[in-house]
Amino acid sequence: MAIEAASSLYRPIKIWTDSLSSLMAIFNPKFHHSNECADQLAKEAITKGDPFLLPKPLSCLKFDIKSAALSIWQDNWDNGETGRRTHNLVPRVSNKPVGWDREEIMFVTGHGPFPSYLHRFNLRTHDNCS
């Protein structure tokens, strides 16, 4: 279309493209090896039941995988044997921030460097995590 419109101007024109198939079509108008071939291959894949044809859009598959992973993670978190103090503070798993700073969680749960500080001031009998 651009070539047809520009050719009516009867002056030299410049066209920039990164499409090899477009350039081939300009140099050889009988060259039909671009979109037509892709369309034909797509039609063949649909009619033959190509095993690479996805049953859902990729965005739906990503959502399903993310939901399944979060469900497994939540199940492991609920039924785990460790981290129960943290579980009481943060019972739901999420890939988003929980609203607590890392230091606040370490202090409230007794994890991190705090037991050694409390031990140093004789407020604890040992310096390891609870």
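**Figure 1. The protein has 7 helices and 0 strands.** Helices (DSSP H or I, at least four residues) and strands (E, at least two) are DSSP runs numbered from the N terminus. This is a predicted model, in which local features need pLDDT of at least 70 and side-chain atom pairs count only at pLDDT 80 or more, while totals for chains, interfaces and linings use all residues. Residues are numbered from 1 along each chain as its sequence is written, and side-chain values use heavy atoms, with hydrogens and water left out. Of the 130 residues, 8% are buried (under 20% relative accessible area; exposed is over 50%, partly exposed in between; 1.4 Å probe, protein chains only).

**Figure 2. Thr86 and His87 lie in helix α5.** This helix covers residues 84–89. Thr86 counts as buried because its relative accessibility is 16%; His87 is buried too, with a relative accessible area of 15%. Leaving aside neighbours within four places in sequence, Thr86 is in contact (heavy atoms within 4.5 Å) with Trp77, Ile105, Thr109 and His111. With the same exclusion, His87 is in contact with Trp77 and Asp78.

**Figure 3. Phe27 belongs to helix α2, residues 20–27.** Phe27 counts as exposed because its relative accessibility is 69%. Leu20, Leu23, Met24, Ile26 and Phe27 form a nonpolar surface patch with about 510 Å² of accessible area together. Patches take residues with over 30% relative accessible area and no salt bridge, joining nonpolar side chains (Val, Leu, Ile, Met, Phe, Trp, Tyr) within 5 Å and like charges within 9 Å. A salt bridge is a side-chain nitrogen of Lys or Arg within 4 Å of a carboxyl oxygen of Asp or Glu. Accessible areas come from the Shrake-Rupley method with a 1.4 Å probe; for residues, only the protein chains shown count as cover.
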